[in-house]
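Work through the exercises below with the sequence and the model at hand. Each task is followed by its solution in steps.

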Amino acid sequence: MTTHAAAPEAAAAPGRAGRPGRPLERARRALARGLAARARAGSLPTPRVAVIGAVNAMGERQHDQGGSREADGGPGPHEALVHLAPDAVLIGPWQDTAGGATACGACLAIRWQRLRTRSERDALETGLVTVPVGDWPPLPDHTVDAVWALYLRATTGGPAQDAGTRHVTPAHGAAAPRAGRSTAPTPAADPVLPRVTRLDLRTLLVRTVPLLPEPLCPHCAPAVAADTAGDAVPSPLVSRPKPDPGGYRLRRPGDHPLPTEALANPVCGVLGAATWRDVTSPTTAPVAGTVFMRGYAGLTDVTWSGQANSFARSRDLAFLEGMERYAGTHRRDRASMTVDSLANLGDAALDPRTCGLYAPETYAADPMVAPFDPERPIPWVTGYSLRDERPVLVPARLVYYSAGTAADNFVFECSNGCAIGSCTEEAVLHGLLELIERDAFLLGWYGDLPLTEIDLDSCASPAVRAMIARAALQGYDVHVFDNRVDLAVPVVTGLAVRRDDGPGALAFAAGAAFDPEVAVESAVAEILTYIPHLPRQVAERPDELAAMARDYHLVRRLPDHAALFGLPQMKRYAGSYLRPPALRPLGAVYAGWQQRRPGTGDLLDDVRLLRDDLVGAGCDVIVVDQTTPEQRCAGLVTVCTLAPGLLPIDFGWARQRALHLPRLRTAARRAGLRATDLTDAELRRVPHPFP
């Protein structure tokens with residue numbers, strides 16, 4: 001079998017790949033000639049052949065010019081059904097089910113590009129100059145024969161002599177309807193999605209996968225004229241009867257009709273190339289996936305995972321987390337955004353200063369951020385204030401945490417407060433619970449508050465007991481603490497302490513839920529995802545972590561926080577957790593909450609309780625709809641919730657907004673835990689250990 005040189009897809013410089021002398025363009029022309037000859041022999045239409053992987057499919061230049069049409073006149077991906085990549089030929093999108101979603105070749109090109117390696121994507125997307133190497137890819141006759149056979153199967157349902165026995169429609173065209181714009185969700189997504197068939201040019205391995213339409217496609221995604229058409233303003237929340245008064249999800253994770261094959265496949269997976277299971281994990285049954293997403297600092301490896309006690313449940317949770325992050329990292333529609341200054345917008349907009357800013361010295365020393373300027377125009381998206389019951393503009397920087405512009409680089413946000421659910425109310429409930437959980441953790445940590453330990457022997461949950469036993473087999477003792485401060489909903493902080501004082505000394509986590517047992521279970525389950533790996537992570541970078549312990553400004557990334565407290569020497573800063581003031585049974589700790597907890601069986605009442613508590617603490621409660629078309633067709637909703645005034649979770653010691661917000665000093669007094677506000681001298685000025 002002939003193999004081609006292992007040249008990257010970007011071995012042609014962006015903007016020059018279409019020249020007849022470039023290797024990929026020469027191969028495209030040869031393939032087009034070969035397919036045309038076979039079409040003439042069978043009196044069939046000649047397929048058009050396009051190149052993908054030579055120019056940036058997501059670049060503005062390509063969108064402005066109507067796609068990836070090459071300078072020599074070759075078709076763009078949206079005009080073709082056969083696509084030549086450096087290592088494969090992709091046939092499609094095609095479909096054999098009438099009435100399903102439709103997509104075009106540009107959708108395929110965009111999704112295919114997102115799955116390339118870091119070096120390939122950087123070459124395509126940042127304009128790096130590249131040099132072609134060798135003549136590639138080779139296309140001997142038997143390869144062209146294989147492409148022709150697959151093309152016939154995609155367009156006619158079989159080889160040439162069977163043409164007409166089955167009508168299979170190419171799933172492309174600029175005027176095609178889009179998935180997710182219908183009011184009715186698709187009950188079983190994969191069977192009705194367009195398909196793409198991949199022929200590996202080295203092995204001739206054939207694989208067919210479903211393709212979800214790309215909502216940012218410049219050809220078949222509908223343009224949205226107004227901002228509010230793209231960012232749906234949540235209407236006033238509605239009643240949502242619960243199947244179980246004690247439940248807070250209307251559907252189980254496995255009941256959502258997720259198009260899992262389209263979400264994870266190596267050709268055009270929305271969330272990545274695959275999922276994997278860690279069968280060696282001694283504490284949970286993890287399933288995870290990963291994909292590169294471009295953010296402030298270039299391409300970031302975004303991992304999504306499920307960490308339950310069975311691989312099946314973990315896989316369901318992993319896909320839901322992946323879809324939540326897909327919606328929250330970048331805006332996934334083509335609606336225009338409002339661009340204006342806070343000074344001009346006035347009360348119609350949220351003042352981002354109420355959500356916290358960095359210290360002045362951070363802006364002076366960090367070239368990636370700049371102070372907020374109310375006179376500077378920045379992009380805004382539309383949200384809805386549950387307190388004031390009105391639309392409100394929110395800085396896009398606070399909603400989409402991997403996107404941003406040079407004009408709005410006043411803060412780095414994370415996924416805090418983003419949540420996915422089967423309806424708006426469910427997503428809002430869990431988004432607010434996450435905000436409250438992180439706020440409480442930071443109040444307890446930076447405020448050095450005395451937290452009551454919960455007696456784990458008083459928990460009735462068999463899952464909790466099993467997880468504690470698994471942690472013990474790894475050499476850890478587990479403790480949990482009531483971390484409520486001035487808000488009523490149960491918040492539990494969990495701590496695993498390594499018995500022998502080796503690397504991986506402490507592992508923290510937290511959980512918030514209406515059911516105290518669920519809050520405990522969430523915190524303990526989160527701990528168990530970290531302790532199998534923490535000792536190794538600490539042992540791999542002892543000098544670096546030791547330097548961080550001496551100079552907190554070296555704590556710059558999310559993983560640094562948890563790893564730092566894997567050092568045994570950092571235990572001296574966790575005294576309030578290692579020597580708690582009291583140990584009490586779970587029922588006694590949350591007796592008052594159980595009487596206040598809504599028992600109406602309506603999810604809306606649960607949301608209203610959280611809203612009213614947050615408003616009582618001096619916060620607005622704002623919801624921004626992040627839902628993508630892919631999620632709508634599966635009956636899912638994703639939101640970003642904001643409660644300006646709560647302490648936001650940040651990573652990197654120099655980028656801690658919580659230290660500068662009034663709530664850090666006033667919440668303990670408001671809760672009756674002390675008579676006065678905390679002073680600066682009383683704060684625990686040590687990087688938080690939240691993972």
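**Exercise 1.** Find how Asp 366 and Arg 655 are paired, and where each lies.

Solution. Asp 366 and Arg 655 form a salt bridge, with 2.7 Å between the closest N and O atoms; the term requires a side-chain nitrogen of Lys or Arg within 4 Å of a carboxyl oxygen of Asp or Glu. Asp 366 sits in the loop between helix 10 (360–365) and strand 11 (378–385), and Arg 655 in the loop between strand 20 (637–642) and helix 22 (663–670), so the bridge ties together parts 289 residues apart in sequence. Helices (H or I, at least four residues) and strands (E, at least two) are DSSP runs, numbered from the N terminus.

The model is predicted: local features need pLDDT of at least 70, side-chain atom pairs count only at pLDDT 80 or more, and totals for chains, interfaces and linings use all residues. Residues are numbered from 1 along each chain as its sequence is written, and side-chain values use heavy atoms, leaving out hydrogens and water.

**Exercise 2.** Describe the pairing of Arg 111 with Glu 630.

Solution. Their side chains meet in a salt bridge of 2.6 Å, N to O. Arg 111 lies in helix 3 and Glu 630 in helix 21 (residues 629–632), so parts 519 residues apart in sequence are tied together. Arg 111 is buried at 1%, and Glu 630 is buried at 3%.

Technical notes:
Buried means under 20% relative accessible area, exposed over 50%, partly exposed in between (1.4 Å probe, protein chains only).
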